[in-house]
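Me: Could you take a close look at one part of this model with me? I would like a connected account.

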Protein chains: 2
Amino acid sequence: MTSTADAPRSPGRPRSIRADEAIIEATLDLLAEGSTIEALSIEAIATRAGVGKATIYRRWAGKDALLLDALRRLKGVLAQPAGHSVRDDLVLLVGAIGKNVDPRAAKIMPCLAPAVNRSADQFQLYQSIISPRRQLMREVLRRGIDEGVLRADIDVEVTMALLTGPMLIQRVLQWNPDLDEQALPERVVDAVLEGIRAR
Amino acid sequence: MTSTADAPRSPGRPRSIRADEAIIEATLDLLAEGSTIEALSIEAIATRAGVGKATIYRRWAGKDALLLDALRRLKGVLAQPAGHSVRDDLVLLVGAIGKNVDPRAAKIMPCLAPAVNRSADQFQLYQSIISPRRQLMREVLRRGIDEGVLRADIDVEVTMALLTGPMLIQRVLQWNPDLDEQALPERVVDAVLEGIRAR
DNA sequence: GCGTTACGAGTCTGACCCGTATCGTATTTC
DNA sequence: GAAATACGATACGGGTCAGACTCGTAACGC
């Protein structure tokens, strides 16, 4: 966060926290309403937030810096696996993919896909969001191996991609409109657990 | 295709096919070079193609129509499974995901993710590109079931998502930078075939 | 050669935007 | 109350772009 730093004392009028909030919220709202990242203008954000442009520039160097702060808000909280059944924990984690506390996140996430590949900053932000989630899943898988529920010779990283991929392409890319998104987490986890080869 | 329609005869000078080509190529080149869809301007395309702006507007109603035509060029050819081993055919199809004949496609595809969710036209285009590929995989899976190689009770659609998802998130979203993209198709197919549960 | 249409290049108007500066006002410390 | 800093609003110069238009030229059928 650039604004509202830990200023020890200030002579004049302090920065408005309400303005901080309003700017961030306006940014996320506009994104969720369909604006793409680059179509987003400081002027539109200022108007939407009921704020002068100068108030934004006083806090952030430009659109990129503002976006980085705004998107950080979408991280949300991590799902907490119960720790009893490996299968149930995986269903929980897989079901949480792309499902954020902030409903706007679902609509904003697809917009990040292009940005992630072009801006190192945004790539880092993106990774910082998903890597703790990956870690959570990794721990569940390792636990499953330790408990003997999962085979010991599986590639944990590949398995995570296996579990995450289907949910992500469905939620973010609408890969197959006919797929039942509701039931998908369970079905994915069970299919990955059991395999599809006849035996 | 909007331009170079099947005009029976025309009094004056015919439209230049070279201009058609140049405009489409310039569009794809600019996209592949990192321009995002909306940052792409008709002016830039015209300049790059060595063409007047009017020549573009004479053929297409606007940027969207041009883009639709340009992106159709990226469809590429479908991978042809050999039809011997179900496992090998799946590896081939999974390996072909996100790998297009046109090397520009790989860089352009991530940009489509946001557009797909906002424009009905682009969503349709996107679906028209991937649905034949899905069909191909569907047939291989059905064949596997018929031959008794795959279990008869699997959900074919979910299985396709299972196979496609990991490749797609890796190639398009760079989901996990540490994952070996080269070996991924084989690993994904084998993991899905065998399952990860200990037995 | 004549009418017709396309061509590349360029111009023009009206938007929209960025980032800065400047208003008059409000809120804080000393 | 004075100095300092914030506020929303607005104006500014500089920039890009969409689309429609205008050139003089080129290619076609008749």
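What is the area buried between chain B and chain A, and what percentage of it do carbon and sulfur atoms give?

Reply: Happy to! This is a predicted model, in which local features need pLDDT of at least 70 and side-chain atom pairs count only at pLDDT 80 or more, while totals for chains, interfaces and linings use all residues. Residues are numbered from 1 along each chain as its sequence is written, chains are lettered from A in the order in which they are written, and side-chain values use heavy atoms, without hydrogens and water.

About 5,200 Å² is buried between chain B and chain A, with 62% of that given by carbon and sulfur atoms; buried area is the accessible area (1.4 Å probe) that two parts lose on being put together, summed over both. B:Trp175, B:Ile196 and B:Arg197 supply 17% of what chain B buries against chain A, more than any other three residues. Chain B brings 55 residues to the contact and chain A brings 56, where contact means heavy atoms within 4.5 Å.

The rule finds four salt bridges across this interface, each a side-chain nitrogen of Lys or Arg within 4 Å of a carboxyl oxygen of Asp or Glu. A:Arg187 and B:Asp155 meet in a salt bridge at 3.1 Å, N to O. On the chain B side, α6 (103–116), α7 (120–146), α8 (156–173) and α9 (184–194) each supply at least two residues touching chain A; helices are DSSP runs (H or I, at least four residues), numbered from the N terminus. The largest share, 13 residues, comes from α8(B).
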